[in-house]
Structures are given as structure tokens and as C-alpha cells.
Amino acid sequence: MTIIEIKNLTVNYKTNKGYVSALDNISLEIERGTVTGLVGESGSGKTTLGLALLRILPPAATIKSGEIIVDGVDILKLKEDEMVDLRGKKISMVFQGAMNYLNPLINIEEQVAEPLIIHENITKKEAIRIARDKLALVGLDENVWRRYPHELSGGMRQRVVIAMAIVTSPDILIADEPTTALDVLTQARIIKLIKSLQKEFNLTTIIISHDLPMVSEIADDIIVMYGGKICEIGRNEEILANAKHPYTKGLLASIPDPKTPKEIVGIPGEPISLLNPPSGCRFYSRCPSARETCKTYEYERYTVGDGHVVLCNLYEGSEDECC
Amino acid sequence: MTKISDFWLEFRRNKAGVVGLVLILIFVFIAVLAPFISPYNPSTRNPNLFLSHPTLAHIFGTNEIGQDLFSLDMYGARIPLEVGLIAAAITVFLGLVIGLLSGYFGGVVDEVLMRITDFFIIIPVLIFMIIIAAFVGSSLINVILVIALLSWAPTARVVRSMVISLREWPFVEVAKANNAGSSYIIFRHIMPNVIPVVFGTAMLAVANSIFAQASLVFLGVGDVSDISWGSIMHFAFISGAVSVGDWWYIVPPGIFIILLILSFVMIGYSLEEIFNPRLRKV
Amino acid sequence: MNVVEAKEIRKYFPVKESIFNRKVRVVKALDGVDLNIEKGQISSLVGETGSGKTTLGRILVGLVEPTAGSIKIEGVDITSISRKQLKEIRKRTQIIFQDPFSSLNPRMKVKDTIEEPLKLNHIDFDQEKIFRIMQAVDLKPPEDFLNRYPHELSGGQKQRVAIARALVMSPDFIVADEPVSMLDVSIRANFLNLIRRLNAEYNVSLLMITHDVSIASYIGKEISILYLGKIVERGETKEVINNPLHPYTRALMDAIPTLGKKEKEIEIKGEIPNPINIPPGCRFNPRCPVAMEICKEVEPVLKEVGKGHFVSCHLYK
């Protein structure tokens with residue numbers, strides 16, 4: 001059952017030199033209760049997509065067109081106060097680096113209780129009770145509840161942020177780079193935590209990250225983005241075993257695996273500027289399989305497997321071959 | 001070349017800054033060309049026109065010794081600009097040197113210099129200026145020096161913070177690992193990155209200096225024998241013109257002072273805006 | 001001969017307490033580290049925050065003085081020579097930092113940045129040499145890049161300039177401190193392969209400092225694992241990766257993300273302690289799943305357990 005459907009979303013950022021095409025005609029679907037990995041590098045638009053889902057884009061950004069349908073409702077058409085109801089309650093987000101922006105003057109349980117107090121009509125006492133519940137759920141016991149952020153380690157603070165995000169029992173959780181700046185062992189534990197919360201509450205989870213291996217350990221589906229466009233969508237196993245888009249293939253080939261001694265190959269060149277971007281495929285300049293026709297490619301979707309969609313000129317007509 | 005044209009593009013975007021620049025250019029133009037464009041020679045007196053009202057012949061009227069106020073106001077632009085720019089130059093130079101030494105060498109040098117700086121930040125500048133000017137006399141040079149002496153402190157602080165941050169940056173460490181000495185690092189790596197930011201502070205220093213000079217002269221502490229807007233306002237008071245309500249004597253120079261100060265402030269803010277975000281990328 | 005021979009390196013940083021407090025606390029960033037790197041070899045140093053890896057890198061190029069220990073660069077002990085001699089040695093070692101942005105002076109052209117070490121050390125050179133180095137680091141065509149400023153370069157290009165600057169003195173030894181961590185994933189491989197190529201072409205020894213075991217496994221012949229200022233395991237990369245002996249190394253190997261859906265068991269509790277409060281005995285003991293009594297009291301020593309495979313742990317006799 002689809003819980004999020006994005007149709008033809010285009011977001012531009014205004015700068016003094018023109019507009020930056022951060023997201024161009026993006027369409028995707030996310031099933032309820034699944035973990036989706038939104039993978040891309042800098043400039044891919046993945047963070048913009050996350051912010052758009054909560055309608056908290058910065059002032060310089062404009063949503064030029066498109067629909068974001070969450071549980072049947074196009075949130076782009078909602079009034080701001082209706083949106084406020086959704087934000088933090090139905091859809092929650094763990095922001096990149098949020099663990100460094102906890103309020104230093106308020107203790108942990110009160111900070112975690114805050115979203116409840118804002119959204120629900122309950123007493124502070126009740127909110128704190130629920131907050132403590134959630135803190136225990138993320139592995140922080142009563143020693144921590146009345147402490148202040150500076151007394152906690154990075155990993156513990158990240159758990160606090162996650163607790164804050166789930167305290168209102170949201171349907172959808174978006175986590176933007178939830179493991180940056182954490183040491184390897186803590187990273188593994190945080191990912192494990194996210195997975196267990198997801199399972200327990202049937203939480204629809206979207207993990208935004210540049211770290212494909214990390215995301216692939218718990219994701220059901222993977223969406224690969226490049227240059228403000230979607231390249232490929234598919235189930236985890238399918239993407240890893242059978243990637244079709246040259247960018248995805250390039251990405252996979254560039255990841256070293258300590259256990260397997262293979263040569264890794266990077267993708268040559270650098271991402272193009274999205275300032276007044278060129279028409280056609282945005283990966284063209286770096287693509288090993290590029291053809292002339294790619295310069296006018298309009299990003300049609302081609303289904304190349306069950307639930308496996310690729311947006312690449314090379315697969316034109318391949319629909320006849322599959323299924 | 002890319003840098004300068006880039007800079008100009010950025011600068012143009014800030015309308016206040018552009019307005020400020022235009023105003024300053026107008027004032028400079030008037031000040032420099034005063035002898036050629038003023039309707040009268042300011043020392044020409046017409047004893048029949050003693051504190052006269054504005055007429056077509058004398059747009060701002062005349063003062064108590066029959067001189068044309070409009071011409072006086074034009075010549076009056078010179079000293080504020082002179083004082084402003086020279087005092088600011090000394091201020092910035094002192095601030096830079098002290099900030100650089102303090103920030104780069106740290107330790108005892110830093111402690112001593114910063115305590116001195118603190119002192120100069122705390123003292124009430126205008127009052128001190130009056131006191132010192134009263135002691136050393138009120139010639140133009142003294143006024144300039146006194147102003148500069150009491151204005152360098154904030155710049156020094158700003159420079160010091162930047163230097164402290166810059167000296168830890170990797171490109172400095174690489175230079176050190178290649179046997180760079182302190183003076184190389186200061187002149188080649190630190191100063192070029194500090195100076196653009198100091199420009200913004202420098203503009204504010206000019207604004208302050210102009211105000212300080214006008215105040216000192218207005219109060220009669222500075223030398224009133226040279227024509228400046230401040231001195232015109234001073235005489236407006238003393239001659240009794242203000243008491244009889246001859247606002248055209250005192251108001252125009254006052255407005256000009258405010259406009260000139262505002263222009264530098266606007267440019268200063270504009271420059272800060274341009275250079276500060278870049279600094280974070282530095 | 002070993003290009004780098006570091007013995008018993010210690011670096012303690014005193015923590016400024018109030019003037020009324022007599023006891024001076026120290027942060028023991030490095031507490032007895034040995035490291036040897038052969039000519040033309042790439043050696044990896046894996047450590048996380050608080051391990052002391054960056055401090056070690058800086059000490060090896062003479063930027064920071066160790067509190068104790070000796071460092072021999074090509075047989076010369078740099079901790080006990082005159083400043084003039086130190087200047088000579090500095091010509092043979094270089095360092096590359098993590099952040100491409102702050103590694104280049106924004107007011108200097110690419111040309112000036114690359115030429116800087118040569119000018120500082122009064123070495124004559126011609127344009128050809130600069131061109132060749134730029135070609136070697138894939139800044140092609142060199143003419144295009146010479147007069148650019150850092151803000152006109154991408155992150156990857158900036159880092160290439162930093163590498164070119166390190167190579168221009170034909171050093172014997174380069175410390176690369178997390179050189180790819182701030183680069184996009186898809187271009188990291190380009191850099192790692194570039195570093196390998198340069199190592200082979202110029203026969204320059206390299207110390208690759210990283211927190212990412214996957215990177216360390218790809219690029220070093222030998223790997224050392226640093227934890228809270230001490231080396232807990234060292235050996236040939238393939239051997240340590242496939243047969244980790246120290247519980248910390250084992251935990252690291254289990255924790256590194258690899259492609260594919262999986263469930264992971266993380267047995268290690270807690271997080272890396274603050275280096276100001278180093279646990280007594282084995283530094284890892286509070287978090288170790290197999291800690292024994294002796295681990296809480298006695299610090300283990302680095303011992304050879306397999307061929308060229310060293311570990312510092314009481315589990316191994």
C-alpha cells in the first residue's frame with residue numbers, strides 16, 4: 001500500500017546567477033512500512049527531497065510544480081496550519097547533524113517531550129512519561145533522562161534525536177545522514193536501532209545518505225539519485241545484484257570491500273553544475289556508455305524487472321524484453 | 001581579473017552600498033572641485049548681507065560676516081573627508097598590526113596587547129578626545145591623531161580573532177612543514193586573507209572619524225578656523241543664528257555630515273556582507 | 001632501510017585547570033606508539049576520534065614535537081637535531097590534509113600553491129616540472145588550471161592540487177591524513193588509485209591515516225589499528241582483515257557496512273572514552289566482551305603472535 005506518492009516534483013533554488021535545478025520532475029512511490037534508502041552524492045537533490053516532504057525548504061527554494069501525496073493527501077495544497085499538524089506528528093525527521101543542535105539549556109526528557117506537548121492535548125506530566133518510554137526504547141535509561149546534552153556522547157545524543165522523532169508515533173520517519181560524525185561501532189548500533197524501531201512500529205522509513213553500503217544493510221528498496229534526477233529505483237537485492245543505470249553501476253564499482261580484494265574504479269570527472277543545467281541526461285559527461293541521443297533524453301522510465309525502474313536512454317524499448 | 005569583476009558584481013547587488021558609494025563620489029567631487037564650482041570665493045565678505053535669508057543669489061543665505069554659506073558648505077566637505085580618510089588609514093593600520101601580532105604570536109604578547117586594547121575599548125571615546133585635545137591643542141594633525149588613537153581597538157580585536165583562526169588552517173601548516181618562517185606566513189598567508197575583511201571595519205572607522213571630528217569642532221575643542229561642516233555648525237550656534245531660528249545656517253552642514261557618515265556605513269555593511277560568508281569558506 | 005622509524009612516541013597535552021588547582025591533568029593523545037615504514041611502502045593507520053591518529057601524522061612530519069620517543073627519518077633522529085638539520089629533513093617529508101577547502105590559500109593561484117614548497121626551500125625549478133606534476137595528478141591540461149583560484153575548483157580538483165604540492169619536492173615520505181573523507185564517494189576510488197600509482201611511480205612511502213577500514217584495506221600493505229593512543233594490532237593488511245585478533249579489531253571488522261541486507265550483532269558496549277580519562281589496565285577493557293580480571297589491572301604489550309602479526313591483548317600469550 002502506497003503511503004507516499006511524489007508526482008513530477010520540481011524544486012528550484014534562486015541564486016544571484018540564475019536558478020539551480022535541485023529537483024527536476026521527480027516521481028516515486030513508497031510503500032507503507034518499508035525502509036527506503038535514498039542514495040546520492042552531493043548535488044543529487046536527496047536532502048532537498050527530504051525537506052520537501054516536510055515542506056520545510058529554505059526561503060530561496062521554490063516548488064515549481066508537482067504533487068506530494070501522503071496517505072492520500074497532497075501536502076503541497078495544504079495550508080500552513082494544516083501542515084503544522086502533520087509535521088513532527090505524522091511525518092518526522094531526523095536532521096543531518098541534529099545531535100549537535102539539541103537545546104543545551106533543557107534536559108533530555110523535556111526535549112523529547114516537546115513534540116508531544118506541541119501536537120497533543122496532554123499534560124506535561126503525561127508527555128514526560130511517554131518521552132521516558134521512548135527514551136528507554138532507544139536504549140537510554142533513567143540515568144540519562146534528566147541530564148543535559150553536553151553530558152552525553154555523540155551516539156547517545158543521536159539516540160535522543162531519534163527518540164524525539166518517534167515520540168509522537170509518526171507514520172513516516174525520514175533520517176538524513178543519521179550516522180555521520182559517529183564512530184563506526186556507534187554507526188552500526190544506530191542503524192540497528194532504526195531497523196528495530198521500524199519493525200516494531202511498522203514505521204515507513206526513508207534513510208537519506210551517500211553511504212550505499214550502510215543503507216543497503218537495512219533497506220527494502222533503494223532509490224538512486226544524481227544531479228537532481230532519479231536514476232534507478234528497485235528492491236535492495238535487485239539493485240545490488242542487477243544494477244542497470246551506469247551511475248549506479250559506477251557507484252557500486254567504486255566501493256571497496258575489505259573482505260574481497262577487487263580493484264575499485266571511480267567515476268571519472270565531477271558532477272556538473274546545476275545552475276541553468278543542460279538539457280538531456282545530467283550524467284552524460286561522466287557516463288562510459290553515453291550516446292549522442294542521451295543529450296536529448298527526456299528521462300522516460302523503463303521497467304527492467306519486477307519493481308525495478310531505470311531512467312536511462314540505454315534501456316529504451318527494454319520493457320518488451322522484461323516480464 | 002576574475003576576482004575584481006566578481007567583487008564588483010557582488011557589490012552592485014547591495015543597493016545600500018551602491019547608494020553610499022555614489023554619495024561619497026558626489027561629496028569627493030564637490031570637495032575637490034570646490035574652487036571651481038562654488039558660486040563665491042568663501043572668504044569674500046559682503047558686509048551688507050549679514051546673516052541674510054536664503055535668496056537665489058545665496059541659496060543658503062550668508063553668515064554673520066557676510067560670507068556665502070553655500071560656498072562655505074562646499075568647501076566644508078574637504079576637512080571631514082581628509083580627516084575621515086587619514087584617521088581611518090591610521091586606525092586600520094594600527095588595528096591590523098596589533099591584531100596580527102597579538103593573534104599570531106599569542107602568549108605574553110597577546111595578553112599585554114589585549115589588555116591595552118581592552119582599555120581603549122572601554123574608555124568613553126568622545127570625552128577622552130575632548131580631554132586630550134584640550135591638552136595637546138586642537139590643530140588638524142592633533143585631531144586626526146587623537147581620533148585614530150581612540151579608534152583602533154575594535155579593529156584590532158576583529159583582526160586578532162581572524163588571525164587566531166587562520167593560523168590553524170591546513171595551508172598554514174603545510175607552509176610550516178616546508179620551513180616557512182613567521183614573517184612569510186604572516187605576509188603571504190594571513191594578511192591577504194585578513195585585509196578584505198578589514199575593509200568593512202575600515203569604512204566604519206572612517207564614519208566614526210568624521211563624526212568625531214565634527215563633534216570636536218562643533219564643541220569648539222577642535223580648530224574652528226579651518227572651514228568644515230563642524231565649524232560652520234559651531235559658528236551657527238555662536239553667532240546666535242540658531243537662537244533666532246535661522247535654520248538654513250545649521251541644518252545643511254548637519255545633513256551633509258549625516259549623509260557622509262551614512263554613506264561610509266552603508267559601504268561598510270555592504271563590504272562585510274560580501275566578505276564574511278566567503279570567510280567561512282576560506 | 002626504513003624511511004620512518006618511530007619508537008615509543010608519546011604526546012601528552014596538559015589541560016589548563018584553574019590556577020588554584022595544583023594537579024595538572026593530561027590528555028594522553030599518544031602513549032607509546034611504534035611505527036616503521038619501509039622505502040616505497042604504503043602503510044595504513046586506522047583509528048577513530050580520540051585515537052591520536054592526526055597527532056601522530058603531524059609528529060611524523062615535524063609539525064608537532066613529541067613529549068617522548070624518537071623518530072628516525074631515513075636514519076636521522078629528528079627529535080635530537082639542530083633546527084638547521086630539521087629544515088633539511090622537512091624537505092623530504094610532506095603532508096596532505098583532509099579538508100580540500102582549507103588546504104589551499106584562497107588568495108593564491110594553483111600555480112603559486114604548487115610552487116610554494118620549492119620557493120620556500122630555495123630550489124630552482126622550471127615550468128616543465130610543474131606541468132609534469134600536474135599531469136601526474138590528473139589536472140589536465142595543466143595550462144587550464146595554473147591560474148585558477150581555489151574557489152574555481154571542485155573539491156576533487158582542490159585535493160589534487162594539494163597532492164601536487166606534496167609531490168613537487170619529490171619527498172621520501174608523505175603523510176595523508178584522511179585524504180578522501182571529504183570527497184564524494186564515487187571519486188574516492190579515483191584518488192585511491194591515483195595514490196597507488198604515485199606510490200609506484202615515485203617510490204614515495206606513504207602513511208595513510210583513516211577511520212575507514214575499507215579504505216585502509218584497499219591501499220596499504222601493512223595496517224595498524226590505533227585505539228586511544230596505542231596500537232592494539234598490526235600486521236599485513238590481508239592478514240589483519242581476514243584474521244583479526246584483538247577484540248576491538250574484530251568489532252570493527254564486524255561493524256563496517258558492506259553491501260547487502262544483513263543483521264549485525266554488536267557486542268561492544270559504550271563509546272570511545274574521552275582521552276582525558278583513560279581506563280586503567282588495558283584501555284579497551286570496559287568495552288571488551290571478553291575482558292578478564294588481568295585486563296583491568298595490567299596494560300598488555302604489543303607482541304608478535306603470527307608472522308608479522310602483532311597484537312596487544314592478554315588473550316594471546
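Let me start at a single residue. A:Asn202, which comes just after helix 7 of chain A, has a positive phi of about 50°. Please keep in mind that this is a predicted model.

Now the helix itself. Helix 7 of chain A consists of 18 residues. From its first C-alpha to its last it reaches 26 Å, close to the 26 Å expected at 1.5 Å a residue.

Which residues of helix 7 of chain A are buried? They are A:Val184, A:Leu185, A:Thr186, A:Gln187, A:Ala188, A:Arg189, A:Ile190, A:Ile191, A:Ile194 and A:Gln198. Within chain A, these buried residues pack against strand 3 (35-39), helix 6 (154-166), strand 7 (172-176), strand 8 (204-209) and helix 8. They also pack against helix 11 (247-255) of chain C.

That brings us to the contact of chain A with chain C. Chain A puts in 33 residues and chain C puts in 35 residues. On the side of chain A, two or more residues come from each of helix 7 (184-201), helix 8 (212-216), helix 9 (236-242) and helix 10 (246-253). Helix 7 of chain A supplies the largest share of that side, 6 residues. Sorted by class, the side of chain A that touches chain C has 15 nonpolar, 10 polar and 8 charged residues.

Chain C also touches chain B. Here 16 residues of chain B are in contact with 21 residues of chain C. Helix 9 (170-177) and helix 10 of chain B are the elements that give two or more residues to the side of chain B. Which of its elements gives the most to this side? Helix 9 of chain B does, with 7 residues. The side of chain B that touches chain C divides into 9 nonpolar, 4 polar and 3 charged residues.

Next, packing inside chain B. Two packed helices are described by the angle between their axes and the distance between the axes. For helix 4 (residues 78-105) and helix 10 of chain B, the angle is about 145° and the axes are 6 Å apart. Their crossing is right-handed. Helix 4 of chain B brings residues including B:Pro80, B:Val83, B:Leu96 and B:Tyr104 to the contact, while helix 10 of chain B brings, among others, B:Ser182, B:Ile186, B:Val198 and B:Ala214. By class, this contact of helix 4 with helix 10 of chain B has 17 nonpolar, 5 polar and no charged residues.

Helix 10 of chain B (residues 182-218) has another partner to look at, helix 11 of chain B (residues 229-238). Their axes come within 8 Å and cross at roughly 30°. Helix 10 of chain B is therefore roughly parallel to helix 11 of chain B. This crossing, too, is right-handed. From helix 10 of chain B, the residues in contact are B:Gln213, B:Ala214, B:Val217 and B:Phe218. They meet B:Trp229, B:Gly230, B:Ser231, B:Met233 and B:His234 of helix 11 of chain B. The residues of this contact are 5 nonpolar, 4 polar and no charged.

B:Pro124 sits between helix 5 (107-122) and helix 6 (125-136) of chain B. Is B:Pro124 buried or exposed? B:Pro124 is exposed, because 9 other C-beta atoms lie within 10 Å, and a residue with 12 or fewer counts as exposed. B:Pro124 and B:Gly181 are 57 residues apart along the chain, and their C-alpha atoms are separated by 40 Å.

Key:
Residues numbered from 1 in each chain as written. Chains lettered and ligands numbered in written order. Predicted model: local features only at pLDDT ≥ 70, side-chain atom pairs only at ≥ 80, totals over all residues. Axes fitted to C-alpha atoms, helices over the stretch in contact; angles between N-to-C directions. Helix = DSSP H or I, 4+ residues; strand = E, 2+ residues; numbered from the N terminus. Parallel < 35°, antiparallel > 145°, perpendicular 65-115°, else oblique. Left-handed = near helix turned anticlockwise from the far one by under 90°. Contact = placed C-beta atoms within 7 Å. Nonpolar A, V, L, I, M, F, W, Y, C, P; charged D, E, K, R; others polar. Expected span 1.5 Å × (residues − 1). Buried ≥ 20, exposed ≤ 12 C-beta atoms within 10 Å, placed from the backbone.
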